[in-house]
Amino acid sequence: MPEATKSAIKKAKYQGDVKTHLFKINLDPKAKMFKKVGKKTFASGYLTVEYACLTCHGEKDRAWAISTGKGVHTYGKK
């Protein structure tokens, strides 16, 4: 279970302090993990590559994670 949910504790830029049940990975480069609605912030219902891949593969970048994930993670496709 990825640590993608954030409460009051800051761990790392792309790592939360609470585990989540989100397992869908969105490879769209424009995808955002969190959305602001007024003063509140909500999770998008999927993981972006920052939270799914770069938590462990921190030496890599978004482009690497997106290209490596293509064909493996197919968010929204059957």
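## Close-up views of a predicted model

**View 1**

**View 2. The buried side of helix H2.** Within H2, the residues Ala65, Ile66 and Gly69 are buried. Because they cover an arc of only 95° around the axis, these residues lie on the same side of H2. In general, an α-helix has 3.6 residues a turn, so residues three or four places apart point the same way. The buried residues of H2 pack against H1. Ala63, by contrast, also belongs to helix H2 but is exposed, since its relative accessible area of 52% is over the 50% cut-off.

**View 3. The largest nonpolar core.** This core comprises 10 residues in all, namely Ile25, Leu27, Met33, Leu47, Val49, Tyr51, Cys53, Leu54, Ala65 and Ile66. At least two of the core residues come from helix H1 (49–52), and at least two come from helix H2 (62–69).

**View 4. The surroundings of Val49.** When neighbours within four places in sequence are left aside, the contacts of Val49 are with Asn26, Leu27, Leu54, Arg62, Ala65 and Ile66. Ala63 lies 14 residues from Val49 in sequence, and the C-alpha to C-alpha separation of the two in space is 9.2 Å.

**View 5. The salt bridge between Glu50 and Arg62.** The side chains of Glu50 and Arg62 meet in a salt bridge, with an N to O distance of 2.2 Å. Since Glu50 is in helix H1 and Arg62 in helix H2, the pair ties together parts that are 12 residues apart in sequence. Glu50 counts as buried, because its relative accessibility of 8% falls under the 20% cut-off, whereas Arg62 is partly exposed, with a relative accessible area of 28%. The count of salt bridges comes to one.

**View 6. Asn26 in strand E3.** Asn26 is located in strand E3, which spans residues 25–26. With a relative accessibility of 11%, Asn26 counts as buried, and its side chain reaches the backbone nitrogen of Asp28 at 2.9 Å. Asn26 is also one of the residues in contact with Val49.

Conventions:
Residues are numbered from 1 along each chain as its sequence is written. This is a predicted model: local features need pLDDT of at least 70, side-chain atom pairs count only at pLDDT 80 or more; totals for chains, interfaces and linings use all residues. Side-chain values use heavy atoms; hydrogens and water are left out. Helices (H or I, at least four residues) and strands (E, at least two) are DSSP runs, numbered from the N terminus. Buried means under 20% relative accessible area, exposed over 50%, partly exposed in between (1.4 Å probe, protein chains only). A polar contact is a pair of N or O atoms within 3.5 Å; within protein, one must be able to donate a hydrogen and the other to accept it, and residues adjacent in sequence count only if both atoms are side-chain atoms. A nonpolar core is a set of buried Ala, Val, Leu, Ile, Met, Phe, Trp, Tyr and Cys residues joined through side-chain atoms within 4.5 Å. Contact means heavy atoms within 4.5 Å. The arc is that of the directions from the helix axis to the C-beta atoms. A salt bridge is a side-chain nitrogen of Lys or Arg within 4 Å of a carboxyl oxygen of Asp or Glu.
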